[in-house]
Amino acid sequence: MTSRPAETLAQRKRQLVADELTQAALTLLARDGFDAVTVDEIAAAAGVSKRTFFRYFASKEDVVVQFLAGMGTAMGEELAGRPAAESPSAALRATVWRSIDACAGHAERALPVVQLILRTPALLGRFLERQAQWREVLAQEVARRLRLDPVTDLYPQLAAGMALTAFHAVLQRWCDSDGAEDPAALTDQAFAVIAPALDAGAGADQAGLPGHR
């Protein structure tokens, strides 16, 4: 009974340090560039030792990967919670919009970080790796919603891939415009292009194509 409050306090302290390190790292990396910032500088900005930094993160790249992990988790949760009767295009638009809106709603902090990711080859590579993982998660959920087999049916993977391509394209345009373009309008434009294929494709895969079932 007496250990539980202590554990909770320790967890809170750990989260506070992690948040301080993350904020310091993302601020410095976005301002000075990925290659110019050292772990020592991040630790100093957060008011901790270099040794403490490595208790929380394996590298400065790992800080950014944690930022990306939150985006993927948010999209998975959003799709799982969408109404069952909602069309695939509407559900997937809401899914990617959750993460886009989270960035756009905190543009002063998020825009430099997203620009850093998209403009740094090593970080872009990790971003694309993450998107491949997100595609699997979203495809599984699409398959569940439409009662499709995620292994034998092509539609779930294709639908998840199209949604994430739209997600990436919107972020890219938003970053290239330095935040001037409206992310909501860009998302609407992207899904106006892919929605017909998403919704028609769902019906075709559920019904089965002649000669392939």
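Tutor: A helix here is a DSSP run of H or I with at least four residues, numbered from the N terminus. The model is predicted.

Student: Which helix gives the most to the lining of the second largest pocket?

Tutor: Helix 4, with five residues.

Student: What lines the second largest pocket?

Tutor: Gln66, Phe67, Gly70, Met71, Ala74, Ser99, Ala102, Cys103, His106, Arg109 and Ala110. Two or more residues come from each of helix 4 (60–81), helix 5 (88–104) and helix 6 (107–119). The space in this pocket is about 220 Å³.

Student: Why is threonine 22 called buried?

Tutor: Buried means under 20% relative accessible area. Threonine 22 has 18%, so the residue counts as buried.

Student: Where is threonine 22 found, and what does this residue touch?

Tutor: Threonine 22 is found in helix 1 (residues 3–32). Leaving out residues up to four places away in sequence, threonine 22 touches Phe57, Val63 and Arg109. Arg109 also lines the second largest pocket.

Student: What makes helix 6 and helix 7 roughly perpendicular?

Tutor: Their axes cross at roughly 95°. The class runs from 65 to 115 degrees. Helix 6 and helix 7 are therefore roughly perpendicular to each other. Helix 6 uses Leu116, Ile117, Leu118 and Arg119 for the contact, and helix 7 uses Pro121, Leu123, Leu124 and Phe127. By class, these contact residues are seven nonpolar, no polar and one charged.

Student: How close do the two axes come?

Tutor: Within 5 Å, with helix 7 spanning residues 121–146.

Student: What makes a space a cavity rather than a pocket?

Tutor: In a cavity, a 1.4 Å probe fits but cannot get out, whereas a pocket is an open set. The count is one cavity of 30 Å³ or more.

Student: Which residues line the largest cavity?

Tutor: Leu79, Pro88, Ala91, Leu92, Val142, Arg145, Leu146 and Tyr155. Helix 5 and helix 7 are the elements that give two or more residues.

Student: How do you know the classes of the cavity lining?

Tutor: Leu, Pro, Ala, Val and Tyr count as nonpolar, and Arg counts as charged. The lining of the largest cavity thus has seven nonpolar, no polar and one charged residues.

Conventions
Residues are numbered from 1 along each chain as its sequence is written. This is a predicted model: local features need pLDDT of at least 70, side-chain atom pairs count only at pLDDT 80 or more; totals for chains, interfaces and linings use all residues. Side-chain values use heavy atoms; hydrogens and water are left out. On a 1 Å grid over the protein atoms alone, a cavity is a set of points where a 1.4 Å probe fits but cannot get out, and a pocket is an open set with protein on both sides within 12 Å along at least five of seven lines; lining residues have an atom within 4 Å of a point. Grid points are joined across faces, edges and corners, and a volume is the space filled by probe spheres set on the points. Buried means under 20% relative accessible area, exposed over 50%, partly exposed in between (1.4 Å probe, protein chains only). Contact means heavy atoms within 4.5 Å. Axes are lines fitted to C-alpha atoms, for helices over the stretch in contact, and angles run from 0 to 180 degrees between N-to-C directions. Angles under 35 degrees count as roughly parallel, over 145 as roughly antiparallel, 65 to 115 as roughly perpendicular and the rest as oblique.
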